[in-house]
Amino acid sequence: MFISREERKISLAGGLILTVLVLIAGFSVFAIMQKQTESLLSKSLEVALQNTVQLFEHEIKQGLNKSHAIATHAPLIKAFAQVQSSTDGDQNLNTLKQMTNILINNNLLGVIVYDVENNILLNKGNISGHQALKVPLQTKENIHAFLLWDQQLILRTSKNILNQNHKTIGNITMEQRLPSLTQIFTETYLIGEIGDFVLCSPLKDNDIEMDCFIRGVDGNKLKRVERIISNKPLPMHHTLNGAQDIQFANGSDQQAVVAAHSPMAYGLNAVLKINQSELYDPIKNQLETIMALLAVLVLSGLFVLNRLKMPMIRQVIKSEHAAKLANTNIQVARKRATQAVDELKAYIDAVGTLAIISIADRSGRILHVSPKFCEISGYTKQELLGQNHRILNSGKHPKSFFVGMWLAISNGHTWHQEICNRNKSGKLYWVDSSIVPLKDSSGNITRYLSVRVDITARKQQHIALKEKLKESVCLHSIRQEMGLDLQEDELYQRILNHLFTTIQCSDITAAILEINNKHFTIGKYNKKLTKQIKTNIILNGNIAGNLRIFYTKNESFLLSDVQNLLETIANDLGRWLERKLAETRILQMANHDALTGLPNRRLLQDRIQQALAHDTRTQSQAAVLFIDLDHFKVINDSLGHDIGDLLLKKVATRLTDCVRDEDTVARQGGDEFIIVLYSINESSNAVIVAQNIIERLSQPFIIKSEELCIGCSIGIAVFPDNGKDSETLLKNSDLAMYQAKQSGRNNYQFFNREMSQLAAERQALGTDLRYAVERNELILNYQPVITIPTSELGNLEALLRWQHPKHGLIPPLKFIGIAEETGLIIPIGNWVIKTVCLQIKAWQEQGYAVPRIAINLSAKQFQDKNLVNYITKILNQTEVNSKFLSLEITETMLVNNIKIVVNTLARLNALGLTIAIDDFGTGYSSLSYLKRFPINTLKIDRAFVQDINTSASDNAIVSAIIAMSKSLGIDVIAEGVETETQLELLKSHGCRHFQGYYFGKPTCAEQIVSTLQPYN
């Protein structure tokens, strides 16, 4: 009966167990199949989506590149520019049409070309209508792009057309077919029969709706749909928020779908999805087969179990009695073991309240820790149990330290050392540690007992003192290096060397110093290191670089130990760089021109001395070229100093391009430049350079849309023939330059001894001229102006002469220039005005009818702010009426400082003085001043009158001047009339006032009085 009852229990239990195991195995297989199927389909879906995304991005990128290439196509830009600028618009438009026809044949649907005012110039092909719904693309290029659907997917692009000056001259809009992408929405085989591809773009300032290209929509595939339906976001909603993964969710039709979604370039987002029912149908179809197989398996198992159960039952019953006896013995042993463990634990806990105690197995895994261990390590008991002691590793000890420890304890020896550990918060602490191996009755090591004592306070004092000393030595060494005259690269590398010897664990350390676009490394540095500490190097308030420390192993807690040292080094280096930069800046300012950056006179003299010393040793020649810009003052005064400064900079650049790297280009000051040519074979080398300079500087300069033209005069002095020191060479080249200006400007002259003599004479004349007024050496001659046909004396012109006590009568051309340069022209001019007024007053007192007397004003005198006040003062003192004075100025005076000119002429006109333009037709100004300024008289230059009877052009010019003056109501005086032929020809043109040797030469006041009429 017992056997039967036990048999039934075992049979029932065995049957249940077998059935459960088979069912578990079957359902496990089904679950695995389901997971694998989901995973496989998800991966396939994701791969299909990525391929489709790449195809989209590639096609759109090709389209954008094509649009950019067309809009920047040089022949197209040229043809477009000709359409807008040329008067022959039809012919150029046909050219543009031919080019657009070529574009239409190149897979373009249509092209529209607009002008700069957005007017349509050309419309070719079939441009889609302005679709109400189109998707804008986000492009980095200066292209506006849209996707739209018109029976197919179309890329519409619009880009500005730029000319050679990068100025917008129009716009071109074009549409391209995207056949490969159209197939995705029209042909199902591209993404499968069950797949559905959706391409969407977010709406600006709209988180509720989106524009989507949907394969399932008939006709226009572009549709505006909601992102969230029934408070549940669609898969595309996650994509628009930047997500990229696989989701099981509801689609826009509320059907359960599996969706792979991914952001795309150009602001687009894509979703590839299938219905979940299509995912699970294959698995459900196999479920009936699996269940049938499981039933067969259960029945087969029960049959086999029934056949084998009797032997098994007998063996189980037999073993039951042995098991009961063994269980009794185990319970006794367990009770004794528990008692022993409790006693050992109580002992350890008692000691552990004072000491740091732990027990580990043979592999080092922690089995037990004392409360003191938890307290000092910062870990809980649960966090420590099962962990290796490496959780406390501080990184302070080398690998060999722990190798020796394990070698000792694994051989059964007690190990004793001081160890630095790191607690949970990263703080270091030191312990005096003893590790004792525990053995079983057979002598085999089963456990390790560690007993430690906290010695942190004592150890930290020792280490802190040691590290402080190392840091002090490091900083002292680095500061000493900074005090040496080292190259920057060498100093940076030495700083890294000192730093590397100071920090801990240098075998796993790397450092990099990045500064001034350079980098210096030490240790095992590579770009993949991430655990770092960094400090910036500040130069004048800006970040100039940085200093970084890395640990190649995961010992990032060591970084904080060198933070202060790193910052101190960076601060020292920043101050050192500021000092070096200041020294360089001071040296640059002391030796270079602030405007052009060229060497100044101080550095120039040093360069010349070096060149002369070198060429003396090599018996070579050197040349000094003194360059002065022609007409620079006109540009500077008329357009302003800003334009003048920019012009000087461009001149400096062109001069530098004309010489070799070893030659020197310097700025002397103002518009004067010096070039030193080293080691030339002969003086003809200097001629080649001078000719090149004249040619280059004669080319126009474009500054702020102004085209400026200047020339230059060059003086050349050659070493050693023209001087053996810098001062002599500079002086002689200056004299040669002055001779170049005297020779008509825009040429070069070599120095010769005659120039030195002329300079000496000029200097002597300048000295004598300073005393000419005091010594009454200046005299005035008067030349009559005759009026025809009455042949009456119209007026007189006062002409200045210098009666030198040694050199006799000196003409104005020889000393007026000296007076201009020395500034004596203003007091001399004032003397002329005063003398003329006194002469007028004297003749009037003698009873003569005095005509108007003309006085020539120099440019500096006309620009003198005290001129009007002085004339007013003289007129008042001499009691002479202003109608007896006429002031003659040249045309060039009218273009300099227009505001001052207008003010001065207005004030002179208000005094009642008449204004005459001397040497008319030879200046640089515009004829517009004839109506802008109060001009009363024009004096035709003698150069036109001299050849009027032989030169048709001079004759035409004189005729035009006279006719223009009559129409403007301005008097005309012809200067330099010497023959009757000239007189008759001038009269035939309508001229009525004449001056020249034909009527009388300039003569003194005593002789000219005979031409005056008594006052009636």
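Which polar contact does the side chain of Ser988 make with a backbone oxygen, and at what distance? Select Ser988 along with Leu985: a polar atom of the Ser988 side chain sits 2.5 Å from the backbone oxygen of Leu985. Keep in mind as you click around that this is a predicted model.

**Stop 1: around Ser988**

While you're here, colour helix H27, residues 980–988, which is where Ser988 is found. Ser988 has a relative accessible area of 54%, so it counts as exposed. Ser959 and Ser988 are 29 residues apart along the chain, and their C-alpha atoms are 9.2 Å from each other.

**Stop 2: zoom out**

Show the whole chain as a cartoon. You're looking at 28 helices and 41 strands. The chain has 1016 residues, and 43% of them count as buried. Taking the contacts with a separation of 6 or more, 59% are between residues 24 or more positions apart.

**Stop 3: a buried serine**

Next, select strand E13, residues 256–263, and pick out Ser262 within it. Is Ser262 buried or exposed? Its relative accessible area is 2%, so Ser262 is buried. Show side chains and bring up Gln50: the side chains of Ser262 and Gln50 make a polar contact at 3.5 Å. To see the rest of the surroundings, leave out residues up to four places away in sequence; Ser262 then touches Leu49, Gln50, Thr239, Ala243, Gln244, Asn269 and Ala270.

**Stop 4: H14 and H15**

Time for some helix pairs. Two packed helices are described by the angle between their axes and the distance between the axes. Begin with H14 (residues 632–639) and H15 (residues 641–657), whose axes come within 6 Å and cross at roughly 140°. That angle makes H14 oblique to H15. Sorted by class, the contact has six nonpolar residues, three polar ones and no charged ones.

**Stop 5: two cis peptide bonds**

Now for the backbone. Most residues other than glycine have a negative phi, and most peptide bonds are trans. Go to Phe719 and Pro720: the peptide bond from one to the other is cis, with omega near 5°. Pro720 is in the loop that runs between strand E29 (711–719) and helix H17 (726–742). Then jump to Ile788 and Pro789, where the peptide bond is cis with omega near 15°. For Pro789, the loop in question lies between strand E31 (778–787) and strand E32 (792–804).

**Stop 6: a positive phi**

Select Asn776, in the loop between helix H18 (753–769) and E31. What is phi of Asn776 near? The value is near 55°, which is positive in a residue other than glycine. Asn776 counts as exposed, at 64% relative accessibility.

**Stop 7**

Select H20 (residues 825–845) together with H22: they pack at an angle of about 25°, with their axes 10 Å apart. This makes H20 roughly parallel to H22, and their crossing is right-handed. On the H20 side, show Asn830, Ile833, Lys834, Cys837, Leu838 and Lys841; on the H22 side, show Leu867, Tyr870, Ile871, Ile874, Leu875 and Thr878. By class, this contact has eight nonpolar, two polar and two charged residues.

The axes of H22 and H23 come within 10 Å and cross at roughly 15°, which makes H22 roughly parallel to H23. The crossing of H22 and H23 is right-handed. Val868, Asn869, Ile871 and Thr872 of H22 make the contact with Thr904, Arg907, Leu908 and Leu911 of H23. The class tally here is four nonpolar, three polar and one charged.

**Last stop: Glu879**

Finish in the loop between H22 and strand E36 (885–889), where you'll find Glu879. Phi of Glu879 is near 60°, a positive value in a residue other than glycine. With 59% relative accessibility, Glu879 counts as exposed.

Conventions. Residues numbered from 1 in each chain as written. Predicted model: local features only at pLDDT ≥ 70, side-chain atom pairs only at ≥ 80, totals over all residues. Heavy atoms only, no water. Axes fitted to C-alpha atoms, helices over the stretch in contact; angles between N-to-C directions. Helix = DSSP H or I, 4+ residues; strand = E, 2+ residues; numbered from the N terminus. Parallel < 35°, antiparallel > 145°, perpendicular 65-115°, else oblique. Left-handed = near helix turned anticlockwise from the far one by under 90°. Contact = heavy atoms within 4.5 Å. Nonpolar A, V, L, I, M, F, W, Y, C, P; charged D, E, K, R; others polar. Buried < 20%, exposed > 50% of the residue type's maximum accessible area, 1.4 Å probe, protein only. Polar contact = N/O pair within 3.5 Å; in protein donor to acceptor, adjacent residues only side chain to side chain.
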